[in-house]
Amino acid sequence: MAWYKLAAKRDNLTAIKNLAYHYGYGVNVEKDFAEAVRFYERAIVLGDTEALSELGDLYLDSGNFKSAANFYQAAAEKGSTSAMVSLAKIHIAAQDYQQAVRLMQRAATLGNTAAMSYLGWFFTSSEKTKSQAEFWLRKAADAGNGDGMKWLADLLAENKSYREAEYWYNKAAQLNVAGALESLAELKNKLGVLI
C-alpha cells in the first residue's frame, strides 16, 4: 500500500486504481468507501474511462443504484461496453426491458460477448425472437463465452438438436459454467433413451 500511495502521488494510474479497489473492497486495508471514491474520481480526472464503470460497480455494491446508473451511463457514453451491460442489468431490474435490450444490442454489436449472451438469453423468452436468440448465442459461444455456450445448448436441446447441444454443454462444462454439467448429464440420459 505504501508503494501504491507513493506512485499515486506521481499520478500513476495503475496505483491510483489499485488504491481505489483496495479501499473500496477492504483488501489489505480497512474498507473506506469515501477514500475509494476519491481515488476513482482521481483516475477519472486523469482520463481513465473504465474508472467510471468501476465507480459504478462500487456504488452498485453499496446499494446506491441511482449513482451506479449515472456512472455506468457516463462510461457507456464514452464507449465502455461493460458499462452498457451493467446499465442494462439495472434497467432489467427496473423492468425497463426496451432500454435494456437497446443497451445490450449496442454492446453486443461492439463485440462484448457477455452482452451477446445476455441478449440471446433474453430473446429466448418469446417464440417470435428465437432466431435472434440463436444468432446472438452462437456469436457469444463461438467467441468463447461460457454462458452463451450453455444457453445455446439449452436452446438447441429444446429444439431437439441433441448432438449439437451435447457439444456446447461439453464446452460450457469445460469452462465450469454453472449448470452445464448437470444439463449435459440430463441430455446424455435422454439420448440413451432415444437411441
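**View 1. Ala-20 and its contacts.** Ala-20 touches Ala-36, Phe-39 and Tyr-40, leaving aside residues up to four places away in sequence; contact means heavy atoms within 4.5 Å. The model is predicted: local features need pLDDT of at least 70, side-chain atom pairs count only at pLDDT 80 or more, and totals for chains, interfaces and linings use all residues. Residues are numbered from 1 along each chain as its sequence is written, and side-chain values use heavy atoms, with hydrogens and water left out. Ala-20 sits in helix α2 (residues 13-25). Helices here are DSSP runs (H or I, at least four residues) and strands likewise (E, at least two), numbered from the N terminus. Ala-20 counts as buried because its relative accessibility is 0%. Buried means under 20% relative accessible area, exposed over 50%, and partly exposed in between, with a 1.4 Å probe and protein chains only. Ala-51 is 31 residues from Ala-20 in sequence, and their C-alpha atoms are 9.3 Å apart.

**View 2. The whole chain.** The protein has 12 helices and zero strands. Its C-alpha atoms fill a box of roughly 70 × 35 × 25 Å along the principal axes. Of its 195 residues, 42% count as buried. Among contacts with a separation of 6 or more, 36% join residues 24 or more positions apart. The accessible surface comes to about 10700 Å², and carbon and sulfur atoms hold 51% of that surface. Accessible areas come from the Shrake-Rupley method with a 1.4 Å probe; for residues, only the protein chains shown count as cover. The mean positions of the 22 positive and 22 negative charges are 2 Å apart. Lys and Arg count as positive, Asp and Glu as negative; His and the chain ends are not counted. Each charge is placed at NZ of Lys, CZ of Arg, CG of Asp or CD of Glu.

**View 3. Helix α5 and its buried face.** Buried in α5 are Ala-68, Ala-69, Phe-71, Tyr-72, Ala-75 and Ala-76. Seen down the helix axis, these residues fall within an arc of 170°, so they line one face of α5. The arc is that of the directions from the helix axis to the C-beta atoms. Lys-66 and Glu-77 are exposed on the other side. Cover for the buried residues includes α3 (33-45), α4, α6 and α7. At 1.5 Å a residue, the 13 residues of α5 should span 18 Å; the end C-alpha atoms are 18 Å apart, which agrees. The expected span is 1.5 Å times one less than the number of residues. Gly-79 follows α5, with a positive phi near 100°.

**View 4. Helix α6 and its neighbours.** The buried residues of α6 include Met-84, Val-85, Leu-87 and Ile-90. The buried residues of α6 pack against α4 (49-61), α5 (65-77), α7 (97-109) and α8 (113-123). The 13 residues of α6 (residues 81-93) should span 18 Å at 1.5 Å a residue; the end C-alpha atoms lie 19 Å apart, which agrees. Just after α6, Gln-95 takes a positive phi of about 60°.

**View 5. Two loop residues with positive phi.** Most residues other than glycine have a negative phi. Lys-160 is not a glycine, yet its phi is positive, about 65°. Lys-160 lies in the loop between α10 (146-158) and α11 (162-174). Its relative accessibility is 60%, so Lys-160 counts as exposed. Asn-176 also has a positive phi, near 60°. The loop between α11 and α12 (180-194) holds Asn-176. Asn-176 is exposed, with a relative accessible area of 71%.
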